[in-house]
Amino acid sequence: MKIARYTVPSASISTAQRAALWLPFLYLLQTRLHGARLVLGWLAGFVVPVLALSVAGRSDGVAASVAVTVAFCMLLAVYAAYEVGYLVNDVLVTTRETHPTHRLPQAPRMWYAERLGRAAAARFVMGAAVLGCAAAAAGSLRPMVLLGWLALWPVFALYNHWRGRVTIVIYLVLNGLRFVVPVWAGAGADPVLPPWPAWLLLYAAPNTYIAAWKPRYRLQWLAQPFASEAQFRFIWHAAVAAVAVVVAVRSDAAATLHFAAVASWILLVRLVAFTPHRHAA
């Protein structure tokens, strides 16, 4: 695209911006998680549930530290890939959107555009290396872990390429893979906790519902029953946690108790996030 033809002096780009092009998590922190509250919310509402489900899902008696190590390695691999999608979206896709969300000033946007191909290649190699570390720590990884990680690349490319309501479905798949691939890896070859409830109910489905509120989809009526995003998330996770607790009480399976515990934890996180909004109202 034309944006990549311009040359931006490297001196105008900060060290943090340069590092964010290559290293996982840094671009997320600089462009999506502005401030300590959002970082803590991401850690508590995403990273902790991923690690907890990885530990709870194991059935082979492997130490929790192994499950956490494997899952965290996969988080690194996932974000090595996922942030390439963020970069393409912020650098290229926003130039042709009717309702763009601009997260980058012009200089770093153009500087990233000049290096986007190299960054994608470097991140693919880095992600594959970290995936190898996860396999070494776990002894082996299920094929679906590798396939899930590889799928992130074309699925995000499709999400950035297409514009229309079909991208809502692609967004659901993207968010599901981001959450469940580390859980698949950490939970081992024969998990006691199936990943699909987490894939849908704890992360992907509520995120997708929120994403569907964007003006480009013309589905703003989805937001009308709720006073805010925080209120919707609180109501959603309250319902999921309530059902999960009832199922756990009526079932003897340890997996249902583990899922209920994680669902209740996320509800607590959403309650903390929702309380300031409620007081402000």
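A: Happy to. Arg 218 is found in the loop between α9 (196–211) and α10 (229–250). Helices here are DSSP runs (H or I, at least four residues; strands would be E, at least two), numbered from the N terminus. A word on the ground rules: this is a predicted model, in which local features need pLDDT of at least 70 and side-chain atom pairs count only at pLDDT 80 or more, while totals for chains, interfaces and linings use all residues. Residues are numbered from 1 along each chain as its sequence is written, and side-chain values use heavy atoms, with hydrogens and water left out.

Back to Arg 218: its phi is positive, about 55 degrees, although the residue is not a glycine. With 61% relative accessibility, Arg 218 counts as exposed; buried means under 20% relative accessible area, exposed over 50%, and partly exposed in between, with a 1.4 Å probe and protein chains only.

His 237 counts as buried because its relative accessibility is 3%. Setting aside neighbours within four places in sequence, His 237 is in contact (heavy atoms within 4.5 Å) with Leu 201, Leu 202, Pro 206, Ile 266, Leu 267 and Arg 270.

Phe 25 also has a positive phi, about 80 degrees, without being a glycine. Its place is in the loop between α1 (15–22) and α2 (26–31), and at 13% relative accessibility Phe 25 counts as buried.

A further loop residue worth a look is Thr 94, between α4 (64–91) and α5 (106–114). Thr 94 counts as buried, at 5% relative accessibility. Its side chain reaches the backbone oxygen of Asp 90 at 3.0 Å. Beyond neighbours within four places in sequence, Thr 94 is in contact with Asn 89, Pro 100, Thr 101 and His 102.

What about the helices on either side of that loop? The axes of α4 and α5 come within 10 Å and cross at roughly 125 degrees. That makes α4 oblique to α5. Axes are lines fitted to C-alpha atoms, for helices over the stretch in contact, with angles from 0 to 180 degrees between N-to-C directions; under 35 degrees counts as roughly parallel, over 145 as roughly antiparallel, 65 to 115 as roughly perpendicular, and the rest as oblique. At this meeting, Leu 87, Asp 90 and Val 91 in α4 face Arg 109, Tyr 112 and Ala 113 in α5 through contacts. The residues of this contact divide into four nonpolar, no polar and two charged, where Ala, Val, Leu, Ile, Met, Phe, Trp, Tyr, Cys and Pro count as nonpolar, Asp, Glu, Lys and Arg as charged, and the others, Gly among them, as polar.

For another helix pair, take α7 (residues 143–161) and α8 (residues 166–187), whose axes come within 9 Å and cross at roughly 155 degrees. The two are therefore roughly antiparallel to each other. The residues of the contact of α7 with α8 divide into 17 nonpolar, two polar and one charged. Among them, Trp 149 and Leu 152 belong to α7, and Leu 174 and Trp 184 to α8.

Finally, Gly 132 lies in helix α6 (residues 116–138). Gly 132 is partly exposed, with a relative accessible area of 37%. Gly 132 and Ala 77 are 55 residues apart in sequence and 9.7 Å apart in space, C-alpha to C-alpha.

Methods
Polar contact = N/O pair within 3.5 Å; in protein donor to acceptor, adjacent residues only side chain to side chain.
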